[in-house]
Amino acid sequence: MDRVVDLDEVAAVLAGRTVGWRSAGLEVGQVTWRDAEASWPQPLETDRARVHDPDSVGAVISGPGEAELSVVLFRGGWADVDFIVGLNDAGSLPASGIASAADFEARMDQWVARVFEVCGDTQ
């Protein structure tokens with residue numbers, strides 16, 4: 001898989017946004033990593049030091065009323081973005097062509113705003 005996005009930079013983006021999200025009343029789970037070199041099924045790790053060749057990084061954010069946003073970004077520049085706001089508002093959001101950590105940050109702000117109606121630049 002091509003290395004389009006630096007996943008360590010993306011993890012820094014997530015860490016930088018966490019304080020603002022928490023102050024807005026959201027719960028932010030631990031960042032998880034997947035190692036491309038690990039044997040199948042590849043386990044998710046929360047300790048970056050245990051991952052030699054990261055191919056994805058992810059996080060889950062929870063909010064009021066059991067709303068949840070799950071984002072897993074792959075180094076190839078696409079993400080699995082799933083959300084649930086309520087029984088009639090759940091699904092996946094488009095997430096391809098992500099070119100950098102800055103691009104991911106802008107999209108993450110949009111996804112958080114969409115699901116939680118929280119401004120993503122809250123810090």
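# Exercises on a predicted model

D53 sits in the loop between β3 (44–45) and β4. The model is predicted.

## Exercise 1. Surroundings of D53

Decide whether D53 is buried or exposed, then find which side chains make polar contacts with D53.

Solution. 
- Step 1: take the accessibility. D53 has 13% relative accessibility, so D53 counts as buried. The cut-off for buried is under 20%.
- Step 2: look for polar partners. The side chains of D53 and R3 are joined by a polar contact of 2.6 Å. A second polar contact, of 2.7 Å, joins the side chains of D53 and R75.
- Step 3: list the contacts, leaving aside neighbours within four places in sequence. D53 touches R3, R34, D35, A36, E37 and R75.

## Exercise 2. Aromatic rings

Find how many aromatic pairs the structure holds and classify each by its geometry.

Solution. 
- Step 1: count. There are 2 aromatic pairs.
- Step 2: take F74 and W78. Their ring centres are 5.4 Å apart and their planes meet at 20°, so this pair is stacked. Planes under 30 degrees apart count as stacked.
- Step 3: check burial in that pair. F74 is buried, at 9% relative accessible area. W78 is partly exposed, at 36%.
- Step 4: take F104 and W111. Here the centres are 6.2 Å apart and the planes stand at 70°, so the pair is edge-to-face. Both F104 and W111 are buried.
- Step 5: turn to a charge over a ring. R48 lies over the face of W33, 5.0 Å from the ring centre.

## Exercise 3. Geometry of helix α2

Solution. 
- Step 1: see what comes next. E117 follows α2, and its phi is positive, near 55°.

## Exercise 4. The buried face of α2

Which residues of α2 are buried, and what covers them?

Solution. 
- Step 1: list the buried residues. They are A101, F104, R107, M108, D109, W111, V112, V115 and F116.
- Step 2: recall the helix repeat. An α-helix has 3.6 residues a turn, so residues three or four places apart point the same way.
- Step 3: identify the cover. It includes α1 (7–23), β4 (54–62), β5 (68–74) and β6 (78–86).
- Step 4: zoom in on V115, found in helix α2. V115 is buried, with a relative accessible area of 5%. Beyond its neighbours within four places in sequence, V115 is in contact with A67, E68, L69, F83, I84 and V85.
- Step 5: V115 and T32 are 83 residues apart in sequence and 21 Å apart in space, C-alpha to C-alpha.

## Exercise 5. The nonpolar core

How many residues has the largest nonpolar core, and which element gives the most to it?

Solution. 
- Step 1: size the core. The largest nonpolar core has 31 residues. L69, L73, F104, M108 and W111 have the most contacts inside it.
- Step 2: assign elements. Two or more residues of this core come from each of α1, β4, β5, β6 and α2.
- Step 3: α2 gives the most, with 7 residues.
- Step 4: inspect L69. Leaving aside neighbours within four places in sequence, its contacts include M108, W111, V112, V115 and F116. Also among them are A59, V60, I61, V81, D82 and F83.
- Step 5: In soluble globular proteins, nonpolar side chains tend to be buried together.

Methods
Residues are numbered from 1 along each chain as its sequence is written. This is a predicted model: local features need pLDDT of at least 70, side-chain atom pairs count only at pLDDT 80 or more; totals for chains, interfaces and linings use all residues. Side-chain values use heavy atoms; hydrogens and water are left out. Rings of Phe, Tyr and Trp (its six-membered ring) pair if their centres lie within 6.5 Å; planes under 30 degrees apart count as stacked, over 60 as edge-to-face and the rest as tilted. Buried means under 20% relative accessible area, exposed over 50%, partly exposed in between (1.4 Å probe, protein chains only). A charge sits over a ring if NZ of Lys or CZ of Arg is within 6 Å of the ring centre and within 35 degrees of the ring normal. Helices (H or I, at least four residues) and strands (E, at least two) are DSSP runs, numbered from the N terminus. Contact means heavy atoms within 4.5 Å. A polar contact is a pair of N or O atoms within 3.5 Å; within protein, one must be able to donate a hydrogen and the other to accept it, and residues adjacent in sequence count only if both atoms are side-chain atoms. A nonpolar core is a set of buried Ala, Val, Leu, Ile, Met, Phe, Trp, Tyr and Cys residues joined through side-chain atoms within 4.5 Å.
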